[in-house]
Amino acid sequence: MIGFNALLRREIRRFLIIWVQTILGPLTAAFIYELIFGYVFRNVSTGIEGVTYATFLVPGLIIMQVMINSFANTSSSLIQSKYNGNIVFLLMSPNSPALVILAYLVAAIVRGIVVAFAVFIGVCWFSSVMPYSFLISMFFLIIGAAICGGLGIIVGIVSVNFDQIAGFQSFIWTPLIYLSGIFYNVNSFAPLWRNLAYFDPILYIVEGFRYGFIGEATINLTFGTIYLLFLAVLINFIAYVLFKRGVKIKY
Amino acid sequence: MSYALEIENVSKKYKDFVALDNINFKIEQGDFVGLLGVNGAGKTSLIFSIAGINKFSGKIRVMGYDVVKDEIKAKLSMGIVPQEVAIDSFLTVHQTLKIQSGLYHVQNNEKWIDEILERLSLTDKKNTNTRALSGGMKRRLMVAQALVHKPPLIILDEPTAGVDVEIRKNFWEFITDLNHQGHTILLTTHYLEEVDKLCQKIIVLNKGKAGKQQTKHEFMNQSFSFDKTLQVTLVNATVPNELKQKVLNQQQNTYILELASDDDIINILNLFRQQNIKIENIEINHKSLEDIFMQHLGR
């Protein structure tokens, strides 16, 4: 486990050193979203009785930043290592692929948790909402970070340059995030978009996390939990296989 | 006692290009071996195969451990300095070495880290961010990274490129000490005088094929031809076409010419006189390692 700890420490230190970008940035972004959207849409119905739009938005903004940052932690670390060439030191080190993937994943989850607390501090001024169940919130936070961190590992491994990561973020990641009900109740979507949103795993992460805050969900969370657990295992298993086989990193 | 490194029938292809073609050799523990080859000869492909970065066919064992089947033990037994400078730019020198130690399952090695930094002339940079290091310092830091776990086999892929002369001297004293303590060293470098001075044995890689492992004495005394060379510096002229095949090395107007016998010296000088080529300087030398290496490659 010494190798795992060393790699985990390196990955955590990496995002803490650039805290302005990795912690203050998400806090500021969430603050501005809440400031503007919370005010402009203050009269919009959330579809949940007694829950104002500002309150509805708080958990959405937190989990959005968690997902974005856990994805960025793994994908940017790997692509930078590949770009700088120092990934050879990782590949030469005597650590199993499973431990390497686990260290990257745990670091992504740690970043997700740190960002969640930072963003909460940034947006808690707009609503008096406190988690209805801290454990449920943490469960969906961790599983969301694990899915996005694992996805970041896959994208970091298969991408050969920063453009490809940016492409993934623009054409896959952003649509999935905006379709996931962060800013709106998905039940207010047109039927076509609503049905499409049900396939979006991020919807279940957002709804699960929001349930942990407000104690109300607009979709079936039992199915969502099983779906997310399955995806977390599948995505990280794929990441492990890609790393073990050395796809685009060993020649 | 197992060999420090065993390479058996190792081949490596990049699509249609054969980088390594059925390489075989063994390095005994405690040896200091020079792996020679021009750019593209396959040295780095071989080193990356040993390191577990390249996929290859054949067998490679480090200290008796198969690098594929006993990957972890094999990797713990070696420290590699890659050719390309590649450092994690988020960390200080000390943090880099602590994390590298952890990656090699080593803890509480502060004393050894301090000694490495001292011997590699990096002590005053201990708490400096790696981004602020010069190219030569980064290369020495990579050497330090390879040594944190005191590996029995140390593989150095051009470790002194860009390192200045005085620090290079300290560096080689350190590596020689490690060799005297029993560490096996495999070195590739373009500075053949370093190989001449340090290595006990030599292996030549040429177009993906490995020559026979020889002691330096055997390598220097192989009978390609007469063991003397003629060095001439010409005044505003190039060597005549008849002598072009004899050129072992050229730097501006200075040529090192291969000799077949003592009589050859007279023949060559006559040819210069017949063609009115003026000579500024002339020396007769014994062949250097570089001359023999170039001959070995057929150049």
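**Entry 1: strand S3 of chain B**

I began with S3(B), which pairs with strand S9 (residues 201-206) of chain B in the parallel sense over 4 bridges. I take two strands as paired if DSSP finds at least two bridges between them. Helices (H or I, at least four residues) and strands (E, at least two) are DSSP runs, numbered from the N terminus. The model is predicted: local features need pLDDT of at least 70 and side-chain atom pairs count only at pLDDT 80 or more, while totals for chains, interfaces and linings use all residues. Residues are numbered from 1 along each chain as its sequence is written, and chains are lettered from A and ligands numbered from 1 in the order in which they are written.

I looked up the partner of B:Val33 in S9(B) and found B:Lys201 as its bridge partner. S3(B) also pairs with strand S8 (residues 184-188) of chain B, in the parallel sense over 3 bridges. In S8(B), B:Leu186 stands opposite B:Val33.

I then checked burial (a residue is buried if 20 or more other C-beta atoms lie within 10 Å of its own, exposed if 12 or fewer, and partly exposed in between, with C-beta atoms placed from the backbone). In S3 (residues 32-36) of chain B, 5 of the 5 residues are buried, so the strand is largely enclosed by the rest of the structure. B:Phe32, B:Gly34 and B:Leu36 point one way from S3(B), B:Val33 and B:Leu35 point the other way, and all are buried.

**Entry 2: the open sheet of chain B**

I traced an open sheet of 4 strands in chain B, in the order S2-S1-S4-S5, with antiparallel pairing. Strands S2 (17-27) and S5 (65-66) of chain B stand at the edges with a single partner strand each, so one side of each is left without a neighbour in the sheet. S4 (residues 57-62) of chain B pairs with S5(B) in the antiparallel sense over 2 bridges. There, B:Asp66 of S5(B) is the bridge partner of B:Arg61.

I noted that helix H1 (residues 43-51) of chain B lies across S1 (5-14), S2 and S4 of chain B and runs at about 65° to S2(B). Axes are lines fitted to C-alpha atoms, for helices over the stretch in contact, and angles run from 0 to 180 degrees between N-to-C directions.

**Entry 3: chain B overall**

I counted 10 helices and 15 strands in chain B. Its C-alpha atoms fill a box of roughly 75 × 45 × 35 Å, taken along the principal axes. Of the 299 residues of chain B, 41% count as buried. Contacts (C-beta atoms, placed from the backbone, within 7 Å) were next. Of those in chain B with a separation of 6 or more, 69% join residues 24 or more positions apart.

**Entry 4: the two domains of chain B**

The domain assignment gives domain 1 (5-220) and domain 2 (228-296) of chain B; such bounds come from an automatic or database domain assignment. I read 37 Å between the C-alpha centres of these domains. Their contact takes 8 residues from domain 1 and 5 residues from domain 2. On the domain 1 side, helix H7 (192-198) and helix H8 (216-220) of chain B are the elements that give two or more residues. H7(B) gives the most, with 3 residues.

**Entry 5: nonpolar cores**

A nonpolar core is a set of buried Ala, Val, Leu, Ile, Met, Phe, Trp, Tyr and Cys residues joined through C-beta atoms within 7 Å. The largest has 149 residues, and A:Ile205, B:Ala144 and B:Ile155 have the most contacts inside it. Helix H3 (residues 53-84) of chain A gives the most to this core, with 16 residues.

I listed what B:Ile155 touches, not counting residues up to four places away in sequence: B:Ile47, B:Ile50, B:Met78, B:Ile80, B:Val81 and B:Leu186. A second, separate core of 9 residues includes B:Leu230, B:Val232, B:Ile256 and B:Ile268.

**Entry 6: chain A against chain B**

I found 23 residues of chain A in contact with 25 residues of chain B. H1(A) gives the largest share of the chain A side, 10 residues. The axes of H1(A) and helix H3 (residues 93-103) of chain B come within 7 Å and cross at roughly 145°. From H3(B), B:Ile99, B:Gly102 and B:Leu103 make this contact; the residues of H1(A) include A:Ile2 and A:Arg10.

Terms used:
Two residues are in contact if their C-beta atoms, placed from the backbone, lie within 7 Å.
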